[in-house]
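Keep the view open as you read.

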Amino acid sequence: MTDFRDQTTARGIVLIGAQWGDEGKGKVVDLLAGRCDAVVRFQGGHNAGHTVIHDGETMVLHLLPSGILNPGVECLIGNGVALYLPQFFKELESIRQRGVDPAGRLYVSPDCPLIFPSHMALDQARERHAGRGRIGTTGRGIGPAYEDKAARRAVRAGELFAPRAFRRRLAAALDLHNFMLEKYYGAEPVNPKRVADEWLAMADELRPLVADVAARLETLETEGRAVLFEGAQGVMLDIDHGTYPYVTSSSTVAAGALAGSGAHLAQLREVVGVVKAYTTRVGEGPFPTELQDEVGRRLAREGAEWGATTGRARRCGWFDAVAVRGAAQRGSIGSLCITKLDVLDGVDPLRICTGYQVDGGKTDVRPALMNRYAECVPCYEQMDGWGGSTRGVTRWEDLPQGARAYIERLEALVGLEACIVSTGPAREETIIRRHPFDS
Ligand code: GDP
Ligand code: IMO
Ligand code: MG
């Protein structure tokens, strides 16, 4: 029998997106970080764009954990993160300029696979080559970097400290990348020597930040510390459980938090799934509840729905309870955080997708086959909107009755309580009905 230890004392919370990303994870992590000792990124890379508001200024974090602006909170980047060092140092510089000091509380796993310019060139060349069949990636080299990891040719962060071997292994990887770039895609190759020099020049600055993240998590667990695992993307973009092939290349489900950091299963207490009160998606792929009408444009406008990483317009649609229920199951989600309620102020009537019409029948689960999923026509139930504003409301009882009824209906349809409701982008524009770190 496996020893799962005494989980009643576990103080780890996993927070993941339960839609197609951009659910507002950054804001919520920044808020919850005020009550925890460490925040851990465990998958994805700088394809993520997590918005936090600090002293009234908006900041988008791509690689640094969103707890970084909370003084005293330790921030860890686990082995599951694909690391693009120029972006990492750029973000470090930008938070330092804002007077935030990460010294002694930011650590990176030596096992992170590194992203190089050739991964980004491959990602972009592939998308161009695919034409209408493209995925709509962020172009950050995420797919090619995880392919190299699975193919066991990734060069990892810790290898920077053995320069000769680093040059050799990098040259071997780039040899293959350049072959594909030039011969298959007809694209420009990447100069291996220039990349090696540029990366080795960052080694000294990286060295004090490299630590065994799994060991650090074990210590934090032993000390009874509260740890928040910060997911990137969302369950519908998961490499296995998402809308394949229109997905990212990592495990965005809660299980990814363990594989991507080395934390012990028994360290986890609860998984919180973040969802918008409606749905958005960036990039290609099926999206049954997408709205291409004035309501969709209104959601985009009021919700400021353009990508935090690429600036692309996000596609908008109604809340899809089928998608979120499935994501909750696959993502081990135990409670919800519902964001952007305020964006629905004045939208009347509201619709919620409760099932799909497909192949002449009705289903309330997402079809496994993508070609069937692409043909799903949503079945909606309708609710009245509400008068008045929810923007900035901090107490449940201060919400208009219609807004409460809407949240309660989402809870019933998904089968989970909403422990947090977000009513604006700022930290304090939040209703905390039950704090995940309580009890
Ligand atoms: P993430 O990738 O999940 O961290 O989400 P993003 O930061 O990419 O996108 C969420 C956007 O919504 C950001 O611009 C946030 O500032 C904003 N946001 C978060 N919560 C709320 C909310 O409750 N109301 C409104 N109006 N905006 C929000
Ligand atoms: P956060 O963490 C929204 C999408 C891309 C594309 C697909 C694959 O901010 O929620 P990739 O570059 O990962 O190979 O692209 O995944 N995507 C995201 N969409 N939010 C994200 O991150 C995303 N990261 C990737 O648009 O459809
Ligand atoms: Mg985002």
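This is a predicted model. Start with T51. One of its polar side-chain atoms lies 2.5 Å from an oxygen atom of ligand 1. Now look at D342. Here a polar side-chain atom lies 2.7 Å from a nitrogen atom of ligand 1. K25 uses its backbone instead: an N or O atom there lies 2.7 Å from an oxygen atom of ligand 1. How much of ligand 1 does the protein bury? Taken alone, ligand 1 exposes 580 Å², and the protein buries 92% of that.

Step back to the whole shell. Ligand 1 is surrounded by 18 residues, and G26 and S422 are among the closest. Three of the shell residues are nonpolar, eight are polar and seven are charged. The largest share, three residues, comes from α1. The space that ligand 1 takes is the second largest pocket.

Now move to ligand 2. Its space is the largest pocket. Which residues are closest to ligand 2? They are D22, K25, H50, T138 and T248, out of 20 that surround it. T138 has a polar side-chain atom 2.6 Å from an oxygen atom of ligand 2. In T248, a side-chain N or O atom is 2.6 Å from an oxygen atom of this ligand. Alone, ligand 2 exposes 550 Å²; the protein buries 97% of that.

The shell around ligand 2 holds seven nonpolar, 10 polar and three charged residues. Domain 1 (12-109 + 211-438) and domain 2 (117-207) each supply at least three residues to this shell.

How values were computed: Residues are numbered from 1 along each chain as its sequence is written. Chains are lettered from A and ligands numbered from 1 in the order in which they are written. This is a predicted model: local features need pLDDT of at least 70, side-chain atom pairs count only at pLDDT 80 or more; totals for chains, interfaces and linings use all residues. Side-chain values use heavy atoms; hydrogens and water are left out. A residue is near a molecule or strand if one of its heavy atoms lies within 4 Å of it. A polar contact is a pair of N or O atoms within 3.5 Å; within protein, one must be able to donate a hydrogen and the other to accept it, and residues adjacent in sequence count only if both atoms are side-chain atoms. Accessible areas come from the Shrake-Rupley method with a 1.4 Å probe; for residues, only the protein chains shown count as cover. On a 1 Å grid over the protein atoms alone, a cavity is a set of points where a 1.4 Å probe fits but cannot get out, and a pocket is an open set with protein on both sides within 12 Å along at least five of seven lines; lining residues have an atom within 4 Å of a point. A molecule sits in a cavity or pocket if more than half of its atoms lie within 2 Å of its grid points. Ala, Val, Leu, Ile, Met, Phe, Trp, Tyr, Cys and Pro count as nonpolar, Asp, Glu, Lys and Arg as charged, and the others, Gly among them, as polar. Domain bounds come from an automatic or database domain assignment. Helices (H or I, at least four residues) and strands (E, at least two) are DSSP runs, numbered from the N terminus.
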